[in-house]
Amino acid sequence: MTKIKRLLIFTGVFLGFVLLIPTSALAQENSTRTPAVEQQTLESLSTKIADVQSNADYIWTLVAAFMVFFMQAGFAMVEAGLTRAKNTVNILMKNLMDFSVGSIVYWAFGFGIMFGVNQTGWFGTDGFFFSDFAKDNDQWLFAFWMFQVVFAATAATIVSGAMAERTKFISYLIYSAVISIVIYPIFGSWAWGSLFHGGGWLEKLGFIDFAGSTVVHSIGGWAALAGAIVLGPRLGKYTKDGKPKAIPGHNLTLAALGVFILWFGWYGFNSGSTTVANKDIALIAVTTTLAAAAGSISSMIAAWYIFKKPEATMTFNGALAGLVAITAGCANVSPVSAVIIGTLAGILVVLSVLFFERTAKIDDPVGAISVHGVCGAFGTLMAGVFDKNGFSFATVGVQALGVGTAFVWSFGMAYLLFKVLQKTVGLRVTPEEELEGLDIGEHGLECYPEFEKVS
Amino acid sequence: MTKIKRLLIFTGVFLGFVLLIPTSALAQENSTRTPAVEQQTLESLSTKIADVQSNADYIWTLVAAFMVFFMQAGFAMVEAGLTRAKNTVNILMKNLMDFSVGSIVYWAFGFGIMFGVNQTGWFGTDGFFFSDFAKDNDQWLFAFWMFQVVFAATAATIVSGAMAERTKFISYLIYSAVISIVIYPIFGSWAWGSLFHGGGWLEKLGFIDFAGSTVVHSIGGWAALAGAIVLGPRLGKYTKDGKPKAIPGHNLTLAALGVFILWFGWYGFNSGSTTVANKDIALIAVTTTLAAAAGSISSMIAAWYIFKKPEATMTFNGALAGLVAITAGCANVSPVSAVIIGTLAGILVVLSVLFFERTAKIDDPVGAISVHGVCGAFGTLMAGVFDKNGFSFATVGVQALGVGTAFVWSFGMAYLLFKVLQKTVGLRVTPEEELEGLDIGEHGLECYPEFEKVS
Amino acid sequence: MTKIKRLLIFTGVFLGFVLLIPTSALAQENSTRTPAVEQQTLESLSTKIADVQSNADYIWTLVAAFMVFFMQAGFAMVEAGLTRAKNTVNILMKNLMDFSVGSIVYWAFGFGIMFGVNQTGWFGTDGFFFSDFAKDNDQWLFAFWMFQVVFAATAATIVSGAMAERTKFISYLIYSAVISIVIYPIFGSWAWGSLFHGGGWLEKLGFIDFAGSTVVHSIGGWAALAGAIVLGPRLGKYTKDGKPKAIPGHNLTLAALGVFILWFGWYGFNSGSTTVANKDIALIAVTTTLAAAAGSISSMIAAWYIFKKPEATMTFNGALAGLVAITAGCANVSPVSAVIIGTLAGILVVLSVLFFERTAKIDDPVGAISVHGVCGAFGTLMAGVFDKNGFSFATVGVQALGVGTAFVWSFGMAYLLFKVLQKTVGLRVTPEEELEGLDIGEHGLECYPEFEKVS
């Protein structure tokens, strides 16, 4: 027994030296060591590492959110640039207000509907005004909300361009609130809602939409389609025999600036959708770049072929089409696939713009329906087709289901909304106001009062 | 004994396997293990963790600083957009030069005055040209300076808008240097100076101004007030019987772009003011968003009520008013409080703009005094009123003291400065130059030479 | 034996308590512990720390890359603003397409040529389309490519300004591909190629060009010089007796906005060139700021002295000159040296612009040759002269060698390329198209169709 005692003493001293003294040094205290201290040291190191990673997640998610916020400036510039000077202040006000109204109501209602406890299976029912589930995990909730609110605002602002130059401002404000409270968050809860509680039926089926080709862009694009249909075309857009007439935008420099801003912000949109600072963000940035570049080139070539000149507005929309189309699959397709997706989206957007303008005779001043609706749907399908995990009809089928559901839900709800607005407060300004311009009529001032206009 | 020997050998091998081999693997060397190595391993892990966190602090603080730098573009666009085309080059040059002059003199003098060793209790006296205290902690000092210089430049550039369209360029350059060497850093040392050495008297009292509603915005705003008073109104701003006449800005698209850029940069301004990558930045981003959104909406509604139309420039200033007002309390008020603060600031800025234009007859072309001075003071008070730690008259009293001190110091010093400039180099251009525009008079070229002006 | 058994059991329990239970707690599982777990814990902590640092490197490198991408908007605005309205759409298209074409071909060929295995010593021969060396280290490769592609695009886009207002669009597209496949990557492989495989001959000599004063800016600037020479001056730039006539830019607000965007993006360009989230980025941001500020001021003063007024476009170019010049040495010169470098660059750019316009009679509408070529060369020399490690003629000699090599390579190759284009597809539009404007001729639409032009 004494041998064993000595052995125990020896072992204890040895372990104490090996393990506990360094622990003491780390903890910078002098009390007698016990094994529990050692446990705490290892635990606390591990906790500290997790904490630093978590801090990195916060800064990544927030910087990305800020970049997505900045896309509002991009949308404002694209839309302002592609429409006429007499309606520019109205465009700018719509863009500023859909973010402002959208973020207040998304804080109040939308976020809870999208991410709250979802007992019915159809939408969340708590977390309004940051209540209730704010208890769970306060600080991350704030970071996550910040990233989500800029997405909600993106969906909202897409519609503004398609309804430009003829929509009553008050009706647009009401629409902004409804899409941010109802249309966007409910579909969002189906596809992305599980991030906090439960999970939506679409994501349970395996629906792939990493950063929102469908959830954000198609939802916005199909609401834009409904708006453009209910409103009807701008005065002078079609001749009596139904031929479309070009109504050129007033400032293509602004439009190009907007495209660059959107492309920049899109890196936050796509890469930031990890909401985690990890290594996946690099591939996402690469696929995003390649798809946008391919979309610019292919749309330019398509426009060159059709119009005999490399038309600029088509090229601008081609870059955006590539970006919209890669958004769903940016994290699960290869760089080569990204080039293919972008190339096809760039051609598709040109054909789609021509289809809506010439065949369907739906007047969409900036091409929002084609860029966001059509290319969003296309990109979501392609995220299934080019899935790195291999092609399967089941996957593509689920993608198609998601795409179809988004169309039915967003187009249907928005159509209803705009019809109700039309019958109540009125959706469209008077023809007199439209001819004079909405800046004077709706806001009482001109955008460029000092410059002489071509009469 | 042999059993014990075998046991010892076994234990040694066992421990060697458990503890020392992995240590060897980590340290990537093969020398004989001693307990000290183990200690070093644990210590070095802890040091490494702190180092990674520190690296995250650097990237966060610098990215935020870059975003705040970009606010210079926002100020330039807002100010250019809200003034006349004939003075635009002058606005742009003023904005570029106040950052350029400001950052050179802030490096040379301002930073040392604000953050150097403060023996007198009134201002720092070392650290000029990065000397002296650069020894302490070189690299962080550079990161911290980078964040501070963009703040100093923000205070400086605010004044440019209020003094637009009539100030001599050379006088503006002198003013830029003085605010960046004297007015901003000395007040800054009172409220924020303790970050490196000692501490200012205001912060010792418990003054809350997290990101600078008072330190940056009010200091800039009250200097702007002094400048606008000393200069007097623009020619044609008031009729002979003192009625104000609207002088519309020449390009509201630029103004809106500027508002979006400022809002984007403000996330760096407020969230970045932690200068640490931690989880608090999320709440700050949320309160910043909600206050800005609420400010846009409430100012639009106020303008709608007063002018019968949702006037755009008031709405733009409302967003900025919400941002200025939340800046002091962004880290210590709740989201609900942020909505309230933003809402009130949006209304306040409309009333304040009308007060200065109609009642006080002080001509501030872009509303800088109201946005930055008045809403900065208001927001600083509200940071006390809505303090999460509970309301106390003592807290609000200290806030009021800080607000009042900022007014007396900045307005007083700037008034003196502008009077001295007026008597020496001259503060205002000649009436002929003012009518022709400062672009030709001061800079010898036009901003938009190809476009026909409304005569 | 029973004693030993008991001892073993006791030791096992003891070790279990000390080591394995906390490990269990960390791992959050309940299976029986073995000594290997402890090893794994220490190893895994160290691995986890390295992983978090690596994640920080990814977010830093990517955010910096996004900011550099945004510089494309800055170049577009500067170039559009400094040229005439009738050629603006063409400028915008060139800027969008050189990034788009450039990034596709840089993915396909350029990146492999610059960073692939370099057996000949002259250029890399693998890694095309992300093949081959993509196996090594996939994810970092994507992050690194993202940072490199925006640099390649910067080199490409510099040329656009010098060749503005007279170049055929199709030829510009071909040039874009060639610079991104051949001219930029081959020189890049000499100076920076070692990052993955082997190393270029210039970097082996100790050539200092931290962020690309030579590799990016001079390469672009000397190609711009070749283009401007081959093209010849714009119609009306010189009188019959060879006197230069000013052709003012159409929108200086855009130019100023572009300068601010470029300055903002430059922080990503220079600080991001660490491609590691570490503490060095702070000094880089500081030297970048001070050089740009000093460049603005000195160029303004130089212009004031020469033209008797603080001319705006010279001042804008002075800020860019300071930025270009500090790019090589931003990480290895002191803040004081940065001020000196920026100051000299600001003066140099004014003299250089006047030299090319008045003496050499080379028409460079935006000053790209002077800003990027001349100041890039100057800054690269200064990175040697002001090297923190002390002055040596050997260092400066190597800098001069790199500068000279860049000139011979880029100017020579670009001259050849433009001559070939001139003889084949044609480099310059017809005089009729040039007079009417390239927007109509090349792209079939106007940039500002609603505004009356000065006749």
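**Fold and chain contacts in a predicted three-chain model**

Among contacts in chain A between residues at least 6 apart in sequence, 76% join residues at least 24 apart, two residues being in contact if their C-beta atoms, placed from the backbone, lie within 7 Å. The model is predicted, so that local features need pLDDT of at least 70 and side-chain atom pairs count only at pLDDT 80 or more, while totals for chains, interfaces and linings use all residues. Residues are numbered from 1 along each chain as its sequence is written, and chains are lettered from A and ligands numbered from 1 in the order in which they are written.

The model scores ipTM 0.91 and pTM 0.92. For chain A the mean pLDDT (the predictor's confidence in each residue, from 0 to 100) is 91, and 89% of the residues of chain A reach 70 or more. Residues 11-34 of chain A have pLDDT below 50, and this stretch has 33 contacts in the model beyond near neighbours in sequence.

Chain A contains 15 helices and zero strands. Helices (H or I, at least four residues) and strands (E, at least two) are DSSP runs, numbered from the N terminus. Of the 455 residues of chain A, 64% count as buried. A residue is buried if 20 or more other C-beta atoms lie within 10 Å of its own, exposed if 12 or fewer, and partly exposed in between, with C-beta atoms placed from the backbone.

Chain A is superposed on chain B by a rotation of 120° with 0.0 Å of shift along its axis, at an RMSD of 0.1 Å. That is the relation of a three-fold axis. Copies are superposed by least squares on the C-alpha atoms of residues with pLDDT of at least 70 in both. The copies use different surfaces, as 15% of the contact residues of chain A recur in chain B. A rotation of 120° with 0.0 Å of shift along its axis likewise superposes chain B on chain C, with an RMSD of 0.1 Å. In chain B, the C-alpha of Glu452(B) is nearest the axis, 3.2 Å from it. Only 14% of the interface residues of chain B are also interface residues in chain C, so these copies meet through different surfaces.

The contact between chains A and B takes 62 residues from chain A and 62 residues from chain B. On the side of chain A that touches chain B, two or more residues come from each of α1 (2-27), α2 (35-81), α3 (88-115), α4 (138-162) and α15 (438-443) of chain A. The most, 20 residues, are given by α2(A). By class, this side has 46 nonpolar, eleven polar and five charged residues. Ala, Val, Leu, Ile, Met, Phe, Trp, Tyr, Cys and Pro count as nonpolar, Asp, Glu, Lys and Arg as charged, and the others, Gly among them, as polar.

Between chains B and C, 64 residues of chain B are in contact with 61 residues of chain C. The largest share of the side of chain B that touches chain C comes from α2(B), with 20 residues. This side has 48 nonpolar, eleven polar and five charged residues.

Lys361(B), in the loop between α11 (335-359) and α12 (368-385) of chain B, has a positive phi, near 55°, in a residue other than glycine. Lys361(B) is partly exposed, with 14 other C-beta atoms within 10 Å. Phe129(C), in the loop between α3 (88-115) and α4 (138-162) of chain C, has a positive phi of about 55° although it is not a glycine. Phe129(C) counts as partly exposed, with 14 C-beta neighbours inside 10 Å.
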